[in-house]
Every structure is written in C-alpha cells, then in structure tokens.
Amino acid sequence: MIKTTNFTAHENIDLSREIALVAPTDTPFTTLLLNKKLVETAGSVTINWREKTLDDTEDISKIEGHTPDTFTASGRAEKSNVMEIFSKAVQVSGSAQASNITGINDLFASEINDRLTEVKVNIEKKMLAPENYNDGSQAPYIRRMKSIFEQVHPDNVVDINTAPTQADFKAVVKKLWDAGLGSNEFYAFVNADFKEIIDGFYANQIAYNQPMDTYGFVANKVITNYGIVNVVLNRHAPHNKILIVDPSYLRLVYLRKPAFEMLAKDGDNIKGMVLTECSLKVLNSKAVAVAQ
C-alpha cells in the first residue's frame, strides 16, 4: 500500500510491486508479463539482443567415414528497441491534504495510486499500438518504443479482408506452431468486436447446462491442434487485429523501475511524480502472430 508516511522517509519509493497489482483487467498484456515475471533490467536507453535462427538444410545425411566439408552456424539477427519514459505528477495543496474526504484517508497517496494506474495503462497502449517507434533523434526528442506489432515477423501476419472466420483464427495459431516454438499455450488479445466474433465460433458447440436464470457464452480458452489459446478481452487492442503470442518469448525491460519521487516543496503544497523507463523485447519475432 502507498502511504504518505513513506514519502518523507525516502526520496524514491519503488512501486514495481504496486504496478503489478493496479488495474489488472484494464492492462491484461502488461499484467501478464509482470505476473509471469517476464521482466528484465537494462543498462542503457537502447537495448540490443540477438534472435537465433536454426539452419533448415533438409538433407544432412552422409556416407560412412565421411570428412565434414560444410560447417553450419546459427543465424543471429540483431534486434533493438529504445526505452520510453513514462511520467505523471501530482500536486496537492496543504488545505486539500488536511481536509476530510469521504472514502479517502490520504488524498496525496490516493492521487499517487491513480497516477500509477494511468502510467500502467499508458504503457499497455504503447506496447499494443499499431505504430509507435521513434528513436528520439529529432524534435521533440521523445523516445518511443517499438510496439509488439512492429516486432512481428512478416511471415506471421495473416491478411483478412472481412470479419475474421474460425479458419482465420486457427491460421494465426498455426503460425506459432509452424515456427516450432517449445510452448503449446498461447494468449490472444482482441478488442470487444473481435471477441464477440470468436465467442460466436463456439457458442453452438456446447451443451447448455447453466442455471435457468443464467445465460451467455464466452470463449476464454480455445483448444486447437496447434496449442491452447487463452482469449483475453483487451480494450487497448487495435480494432482490426487479432494478436496471439507465446509470452515466454516476451520481456518487459526496465531501465528505471516504476518509482515515486518527492519533488521539492516550494509553498503550501506537496508535489511528487511517478516515473518509469521501460521497453518491450520480443526474443523471437515468430513467437507473435497477427491477423489483420
């Protein structure tokens, strides 16, 4: 819990645990990474990594007693992303802080918690934006991370011209299976309209045995030949895309973990800000598949 008593005792307060707990239903993608502890620490405003690709030569059979004349190395494409700074500030007058507000024991702490929620929502939006990347080299010099859609392999994009069909949904899942990933449990993030369509794929394939005053069907987990898909409603997912990921290949990377910093007092008020600097790393671009 965030308490005002902590603010004066420490200049910076680590909020990395609190950010995992706030707004879980409004930020399911970010919350998934945090809860699965798919988090890393960076040492620079730019992160670099190598994406390994195995050799796919089909015929490697040799004659008895052969001498190797061909040597193979894994492909290692260089990938990168930049750290994006997220910050929200709070200023509360001395009178407001001293006032009794129904349901709020500490106005300043409540405001800090609200700003932390807003920061997490904004991170979710940036990671799921169709386009976001900017290296910050030109005015206004704001670094913006590559979203997950900007890191997907072109071969893992399924084009759909109208509303997605059940065959389209399975084709996206099959892209992850074709990539030979080690996992067989994936997560799909979709907006409300596409979630309704996916629910409709399976609504007539069940025996309805709910109580007579309870009606409705939602497809929260779909079993396919290519793996189990957890279908997650996400208000920040693009309206025209289905995103399916293997989360084990994703990382939320911090240069600065979410923290609260007290700002200098210059009058009859108290001020502070919530700040974090982070980015998204996709270790294998074929661990992400998109229908659009």
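Strand 7 (residues 185-190) is largely enclosed by the rest of the structure, because 5 of its 6 residues are buried. Buried here means under 20% relative accessible area, with exposed meaning over 50% and partly exposed anything in between (1.4 Å probe, protein chains only). Strands (E, at least two residues) and helices (H or I, at least four) are DSSP runs, numbered from the N terminus. The model is a predicted one, so to speak of local features takes a pLDDT of at least 70 and side-chain atom pairs count only at pLDDT 80 or more, while totals for chains, interfaces and linings use all residues. Residues are numbered from 1 along each chain as its sequence is written, and side-chain values use heavy atoms, with hydrogens and water left out.

With strand 10 (residues 242-245) strand 7 runs antiparallel, over 3 bridges, and here A188 has I244 as its bridge partner. These strands belong to an open sheet of 6 strands with mixed pairing, in the order 6-13-10-7-9-8. Its edges are strand 6 (157-158) and strand 8, each of which pairs on one side only.

Now for the wider picture. The protein has 7 helices and 13 strands, and 42% of its 292 residues count as buried. Contact means heavy atoms within 4.5 Å. Among contacts with a separation of 6 or more, 78% are between residues 24 or more positions apart.

In soluble globular proteins, nonpolar side chains tend to be buried together. A nonpolar core is taken as a set of buried Ala, Val, Leu, Ile, Met, Phe, Trp, Tyr and Cys residues joined through side-chain atoms within 4.5 Å. The largest one has 40 residues, and those with the most contacts inside it are F29, I148, F189, L243, V245, L250 and V288. Helix 5 (residues 107-127) gives the largest share of this core, 7 residues. Leaving out residues up to four places away in sequence, V245 touches I148, L176, F186, Y187, F189, L250, A287 and V288. A second, separate core has 23 residues, including V173, Y202, A219 and A287.

Helix 3 (residues 28-35) has 7 of its 8 residues buried, so this helix too is largely enclosed by the rest of the structure. The buried ones are P28, F29, T30, T31, L32, L33 and L34. Just after the helix, K37 takes a positive phi of about 55 degrees.

On to the rings. Rings of Phe, Tyr and Trp (its six-membered ring) pair if their centres lie within 6.5 Å; planes under 30 degrees apart count as stacked, over 60 as edge-to-face and the rest as tilted. Searching the whole structure turns up 4 aromatic pairs. One of them, W177 with Y226, is tilted, because the centres are 5.5 Å apart and the planes stand at 50 degrees. This pair links distant parts of the chain, 49 residues apart: W177 sits in helix 6 (residues 166-178), and Y226 in the loop between strand 8 (221-224) and strand 9. W177 counts as partly exposed, at 49% relative accessibility. F201 and Y202 make an edge-to-face pair, 6.2 Å from centre to centre with 75 degrees between the planes, and both residues are buried.

Charges also turn up over rings, which requires NZ of Lys or CZ of Arg within 6 Å of the ring centre and within 35 degrees of the ring normal. K146 lies over the face of Y133, 5.1 Å from the ring centre, and K241 lies over the face of F149, at 5.6 Å.

D14 has a relative accessible area of 46%, so it is partly exposed. Beyond its neighbours within four places in sequence, D14 is in contact with K257, P258 and A259. D14 and E261 are 247 residues apart in sequence, yet 9.2 Å apart in space, C-alpha to C-alpha. The side chain of D14 also makes a polar contact with the side chain of S16, at 2.7 Å. A polar contact is a pair of N or O atoms within 3.5 Å; within protein, one must be able to donate a hydrogen and the other to accept it, and residues adjacent in sequence count only if both atoms are side-chain atoms.

Notes: Pairing = 2+ DSSP bridges.
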